[in-house]
Structure formats: C-alpha cells, structure tokens
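Reader: Could you walk me through this structure, taking one topic at a time?
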Amino acid sequence: MKKLGLYVHIPFCERKCNYCDFYSLVKTSEVENRYINALLLEIKSYKDKCKGYEVDSIFIGGGTPSYLKPENIKLIIQEINNTLLLSYDCEITMEANPNSIDKDKVLQYKSYGINRISLGIQSLDENILKTIGRLHNSDEALEAIRIIKSAGIDNINADIIFNIPGMSNTPGQSVQSIIDTLDKIIKEKVKHISFYSLKLEEGTPMFLMEEKGLINMLDDDTERAMYYAGREFMENNGYYQYEISNFCIPGFECKHNIKYWTGAAYIGFGPFAHSCFEDKRYNNISDINIYCDNSNNTERYRQLNEVLSKESKMFEYIMLGLRMNKGISIDDFNYKFEANFLELYKNQIDKLLNNNLIAIDKNIVKLSKRGMDVSNYVFEEFL
Ligand SMILES: C[S@@+](CC[C@H](N)C(=O)[O-])C[C@H]1O[C@@H](n2cnc3c(N)ncnc32)[C@H](O)[C@@H]1O
Ligand code: SF4
C-alpha cells in the first residue's frame with residue numbers, strides 16, 4: 001500500500017504574534033463551527049481518490065489547533081478515520097500553544113489518538129517573549145510541557161526561535177539567552193526541538209517595526225553564532241540534527257515532516273494548506289470565507305494545479321533531500337529518474353566540492369557544515 005501524510009490547517013489564533021505570517025485569524029465560535037463543517041466535507045471528498053493509500057502521519061497545525069474546542073479535534077480525527085485507512089502506528093501530531101492547553105484537554109487529545117504534541121515555546125526569556133508578542137511567560141511554557149507529559153503524551157516537540165532583535169527598551173536575544181532556553185527545555189526531556197532562525201516576514205508587525213526603525217535585525221555573524229552555539233549545545237546533550245532546523249533524540253524524528261523533504265505524498269486540508277498528491281502540487285486559497293462558501297465544490301478553492309515536470313521533480317528531490325543530514329542517495333536518484341546524477345550535474349558538483357559545500361561519500365551526497373550555512377546557494381546550483 002502506498003503511504004500518505006495528511007496536514008490539517010486550523011486558521012485561528014487567540015492573537016497574532018509579531019513575527020508570524022501563517023494564515024490565521026481571531027475567531028468567534030460561530031466561525032469555528034462553520035469552518036469545521038467545511039473541513040469535514042473536504043476530508044470526505046477524498047474518499048475515492050485515496051483508495052490504495054494508507055495514512056501513516058497526520059499533522060494538525062495552524063494557527064493554533066489547541067485554541068479549538070477539543071470536540072472539534074475529535075470530529076476531524078473521526079472523519080479522517082471514517083474516510084481513509086490509517087496505519088496502526090500512525091503518527092498524529094497536534095500543534096499547541098502553552099496558554100491554550102490544560103490537562104483535561106490533553107487527556108481528550110490523547111483519547112482521540114493524538115500521540116505527539118508540537119508546542120510553541122519560542123523562547124524562555126521574558127524580554128524576548130514580550131518583543132515577539134507571545135501570550136505566555138516562560139514558567140507557563142515549562143508548565144505546559146509538564147502538563148502534556150502528565151496526561152501521558154511523551155513525544156513532545158518544542159519550537160524555538162533564535163535571531164530575535166531587541167526593541168528600544170529591551171535588549172535583543174543573545175547567545176547566552178538561547179543556551180539558557182535550550183538548557184531548560186532539554187532538562188524537561190522533550191524528544192524533539194525545531195530550531196528556527198527568525199525570518200522577517202512582510203506585512204507582520206515586526207516587519208513594520210523594522211521599517212520604522214523601531215527594531216534592528218541582528219547581523220549575519222550574530223545569527224550564525226546563535227545557530228552554531230545552539231546546534232552544539234543540543235548535540236552535546238544527546239540530540240542529533242537530522243535536518244537544517246530539526247534536532248531530536250534518536251528515533252523521534254518527525255515522520256510527517258520527513259515526507260515534505262523526501263517528496264512523499266501528502267494532502268493538506270483547509271485554507272492555506274498545500275498538497276503533493278498523484279504527481280500534482282496544489283494549494284487551497286488562504287481565505288476562510290471562500291473556503292467555507294465553496295465547501296460543496298472543493299475544486300473552486302484550489303490554486304496552482306501544477307503537474308510537475310521531470311526537471312522540477314529532480315530539483316525538488318535534490319533541494320529537499322539535501323536539507324536532511326543523511327543527504328540523498330545517488331543510486332535512488334538514478335533509479336527514480338532514470339538518470340545519471342554524477343554526469344547530469346558534473347559541473348555543479350565539481351564547483352560545490354571545490355568550495356567544500358557538499359561532501360560525497362560512496363553513494364551519498366550531503367551538505368557540508370559550511371554548505372548548511374549557505375544552503376539556498378547550493379540548492380540554486382541545481383536549478
Ligand atoms: C505555524 S506556527 C504554529 C505554532 C503555534 N501556533 C505556536 O505559536 O505555538 C509554527 C512555528 O513556526 C515558527 N515560526 C512562525 N513564524 C516564524 C518566523 N517568522 N520566523 C521563524 N519561525 C517562525 C514558530 O516557531 C512557530 O511555533
Ligand atoms: S506563531 Fe502560532 S500563535 Fe503566533 S500567530 Fe503564528 S500560528 Fe498564531
């Protein structure tokens with residue numbers, strides 16, 4: 001049976017954080033119910049298309065899924081179960097914010113089958129939490145980890161952001177602040193850490209603050225120093241890096257995210273969600289009203305129906321595969337695309353090897369540590 005991943009987008013947040021441009025809105029309970037009805041219809045619409053597939057990962061992300069009524073999370077998982085075939089060991093992740101969970105909610109999530117929680121901690125430095133506009137303090141964030149564990153879910157990811165600038169009255173993030181945050185998180189024994197560099201996204205409050213000169217982004221050297229220090233600290237504490245931004249205790253890699261990096265099939269439900277299914281890539285419009293108004297004709301809210309050419313599939317395979325520390329297998333590439341990797345990209349490979357940006361060991365091509373720092377440059381070479 002072919003394997004399939006599902007992403008379910010929950011486009012609601014209690015309040016928008018200053019840095020985030022993921023599609024989400026502040027909701028009323030009426031909007032929530034209308035949205036869930038539309039979502040269930042979209043899931044149902046895949047019944048026939050997914051014959052022959054077995055779902056082995058589900059990721060309920062957002063937005064803030066923990067901000068929904070738990071009964072609605074139950075309805076989503078029930079509908080997936082009714083419509084599609086789930087593997088016995090399906091990884092079911094849900095994103096949660098520290099300020100919108102309690103033990104009762106987590107017990108309910110667990111009873112619906114959720115077996116992994118991804119918690120948005122971002123930082124445990126009070127000044128930084130204020131700068132980025134979070135609704136929780138550091139004690140509440142640590143308490144959230146303990147609550148999730150006490151409810152019986154041990155497979156926890158913590159999202160951490162580095163490269164956060166200061167404001168006129170508060171200092172920016174320092175390497176020490178990053179290490180302090182990681183130290184406290186690691187003491188809670190989370191299984192997985194996503195370690196993201198802050199990206200200044202157009203249209204966010206932070207972007208506007210930067211335009212007005214109210215904040216100054218950190219320079220590239222400071223950003224890299226934070227990345228190196230964080231990476232080393234995690235590695236010294238038993239976490240291994242399996243992707244540019246992802247670290248875990250061995251055996252706790254995120255099965256779902258690996259699908260994105262290996263070109264495996266996945267379907268996204270909800271506005272903003274992307275799919276890669278049956279050799280097509282498409283996404284749903286990021287507009288909840290268009291999404292809900294067209295719930296009986298799902299094709300109306302799909303965009304960019306793109307049939308991937310062989311060249312774009314090869315590029316994606318290389319770009320996504322190189323994000324992962326294990327790199328890509330030349331034999332797999334050659335078999336999958338009936339091509340000769342080393343001949344096809346001879347010039348690029350010579351240049352990247354000469355600049356020590358990739359390494360080739362027998363059948364495996366990987367980014368070097370240096371290549372990881374300029375990964376976008378390396379990827380572009382294969383375009
Ligand atoms: C879509 S968010 C959902 C998580 C959840 N709502 C929360 O905030 O706790 C997933 C993660 O993306 C990361 N993220 C969002 N915007 C980012 C940005 N501009 N730069 C770097 N990381 C970002 C944050 O770490 C966040 O936890
Ligand atoms: S980081 Fe999470 S809580 Fe903050 S706006 Fe983005 S999705 Fe919402």
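Author: Gladly, and please keep in mind that this is a predicted model. One place to begin is an open sheet made of 3 strands, in the order S13-S15-S14, with antiparallel pairing.

Reader: Which are the edge strands there?

Author: The edge strands are S13, residues 328-329, and S14, residues 358-361, each of which pairs on one side only.

Reader: And over how many bridges do S13 and S15 pair?

Author: S13 pairs with S15, which covers residues 364-367, over 2 bridges in the antiparallel sense. As for individual residues, Ile328 has Val365 in S15 as its bridge partner.

Reader: Switching to helices, at what angle do the axes of H2 and H3 cross?

Author: The axis of H2 (residues 70-83) and that of H3 (residues 103-112) cross at roughly 10°, and they come within 10 Å of each other. Since angles under 35 degrees count as roughly parallel, H2 and H3 are therefore roughly parallel to each other.

Reader: Which residues meet in that contact of H2 with H3?

Author: On the H2 side they are Pro70, Ile73, Lys74 and Ile77, and these meet Lys105, Gln108, Tyr109 and Tyr112 of H3. Sorted by class, the contact of H2 with H3 has 5 nonpolar residues, 1 polar residue and 2 charged residues.

Reader: Now the ligands, please: how many residues surround ligand 1, and which are the closest?

Author: Ligand 1 is surrounded by 16 residues, of which the closest are Cys20, Gly120, Asp159, Tyr196 and Lys199. By class, the shell around ligand 1 divides into 6 nonpolar, 6 polar and 4 charged residues.

Reader: Which strands each supply at least two residues of that shell around ligand 1?

Author: They are S2 (53-62), S4 (116-122) and S5 (156-162), each of which supplies at least two residues of the shell around ligand 1.

Reader: What residues are around ligand 2?

Author: Around ligand 2 are Cys13, Lys16, Cys17, Cys20, Phe22 and Ser24, together with Gly62, Gly63, Thr64, Asn97 and Gly120. The shell around ligand 2 has 4 nonpolar, 6 polar and 1 charged residues by class.

Reader: Zooming out, how many helices and strands does the chain have?

Author: The secondary structure of the chain comes to 16 helices and 15 strands. Its radius of gyration is 21 Å, close to the 21 Å that the globule rule gives for 383 residues, so the chain is as compact as a globular protein of that length.

Reader: And what box do the C-alpha atoms fill?

Author: Taken along the principal axes, the C-alpha atoms of the chain fill a box of roughly 60 × 55 × 40 Å.

Terms used
Residues are numbered from 1 along each chain as its sequence is written. Chains are lettered from A and ligands numbered from 1 in the order in which they are written. This is a predicted model: local features need pLDDT of at least 70, side-chain atom pairs count only at pLDDT 80 or more; totals for chains, interfaces and linings use all residues. A residue is near a molecule or strand if its C-beta atom, placed from the backbone, lies within 6 Å of it. Ala, Val, Leu, Ile, Met, Phe, Trp, Tyr, Cys and Pro count as nonpolar, Asp, Glu, Lys and Arg as charged, and the others, Gly among them, as polar. Helices (H or I, at least four residues) and strands (E, at least two) are DSSP runs, numbered from the N terminus. Axes are lines fitted to C-alpha atoms, for helices over the stretch in contact, and angles run from 0 to 180 degrees between N-to-C directions. Angles under 35 degrees count as roughly parallel, over 145 as roughly antiparallel, 65 to 115 as roughly perpendicular and the rest as oblique. Two residues are in contact if their C-beta atoms, placed from the backbone, lie within 7 Å. Two strands pair if DSSP finds at least two bridges between them. The radius of gyration is taken over C-alpha atoms; the globule rule is 2.2 Å times the number of residues to the power 0.38.
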